[in-house]
Amino acid sequence: MSELTGRKLISVQEHLRDQVANALRAALIAGDLQPGVVYSAPSLAAEYGVSATPVREAMLDLAREGMVEAVRNKGFRVTELSERDLDEYTEIRSLVEIPTVGRVTRTASRGQLEALRPVAEEIVAAARRGDLIGYLESDRCFHLDLLALAGNARLVETVAELRKRSRLYGLADLSHEGALVASAQEHTALLDLMIAGDAEGAEDLMRRHLAHVRTLWAARKQQAGRVSPPRRPGAR
C-alpha cells in the first residue's frame, strides 16, 4: 500500500513540475521573464504559489533545452541571444533545411507529405488563437517530421538543437498583430508546393520562411523592457 502511495506522490510531483515548466516557457515566450536577468527558484515559487522544488526542477529542464543557464548560488539566468548568434543559427539552418526540403519534395510520397497537413493546420490554428506554446510545439513537430522524411536522423537532431538555441522570446505582441498567422500559413503553402512536385518553389518558400524567423526575432527586440509578473500555472 505504501509503495502505491509513493508512486502516486511521485506522479503528482512530476505533473506539477511539467505544469511549472510549461508556465515558465509561456512567460519566457511572452517576454515576462527577460533575457539576461537572473531569477531565483524561491522568488519564482512565490509568484506561482508553489514550493521551490518543482520550480528548480522545471528550470533544470529548461536549462537542458538551452532556454536558461544555472548561476551558482543565485538561480537561473534567461539565455540571451545576440543578433550575430541568431544570424549564425539561421545561416546553418538555411544550409541544411532548404536543400533537404528540395530533396524530400523529389523523394517523398504524396501520402507521407499529406500526413503532415494536420500539424501544419494546427500551427495556423494555434497562431490565430494566440496559443504561443501550441504554436511553437506544432511548428517544431512539423519541421522535424518533414526533415525526417530525408532519412537522416543526425540531420534532424542537429536542426532540433539549433531550434532550441534560437528559440523566440517576447512573441505575445507580435501574435496580437497577426505576424505569426502569416508565418504559420507558410507551412500549408509549403506542403502544397511539395505535393505538387515543385522542388524549386518549395526551396524558395523555405528560404523566405526561415528569413521570417529572423524578422520576428528582430521585431521582438522592440518589445524589450516591457516586464510584467510571470503568470501562475494554469492562469489565462
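In this predicted model, the side chains of E97 and R93 make a polar contact at 2.5 Å. E97 belongs to helix α4. Its relative accessibility is 0%, and E97 therefore counts as buried, the cut-off for that class being under 20%. Leaving aside residues up to four places away in sequence, E97 touches H143, L147, V159, M206 and L210.

For F142, the contacts beyond four places in sequence are L116, V119, A120, I123, H187, L190 and L191. In soluble globular proteins, nonpolar side chains tend to be buried together.

F76 also has a place in the strand pairing, as the bridge partner of A70 in β3. The sheet is open and consists of three strands in the order β1-β3-β2, with antiparallel pairing. β1 (38-39) and β2 are the edge strands; each has a single partner strand, so one side of each has no neighbour in the sheet. Strands of a sheet pair through backbone hydrogen bonds, in either the parallel or the antiparallel sense.

The two pairings of the sheet can be described in turn. Between β2 (residues 68-71) and β3 (residues 75-78), the antiparallel pairing runs over four bridges. These two strands form a hairpin with three residues between them, and N73 in the turn has a positive phi of about 65°. Between β1 and β3, the antiparallel pairing runs over two bridges. Here V38 has R77 as its bridge partner in β3.

Helix α3 (residues 52-64) is made up of 13 residues. From its first C-alpha to its last, α3 reaches 19 Å, close to the 18 Å expected at 1.5 Å a residue. The buried residues of α3 are A52, P54, V55, A58, M59, D61 and L62. Just after α3, G66 adopts a positive phi of about 85°.

How values were computed. Residues numbered from 1 in each chain as written. Predicted model: local features only at pLDDT ≥ 70, side-chain atom pairs only at ≥ 80, totals over all residues. Heavy atoms only, no water. Pairing = 2+ DSSP bridges. Expected span 1.5 Å × (residues − 1). Buried < 20%, exposed > 50% of the residue type's maximum accessible area, 1.4 Å probe, protein only. Contact = heavy atoms within 4.5 Å. Polar contact = N/O pair within 3.5 Å; in protein donor to acceptor, adjacent residues only side chain to side chain.
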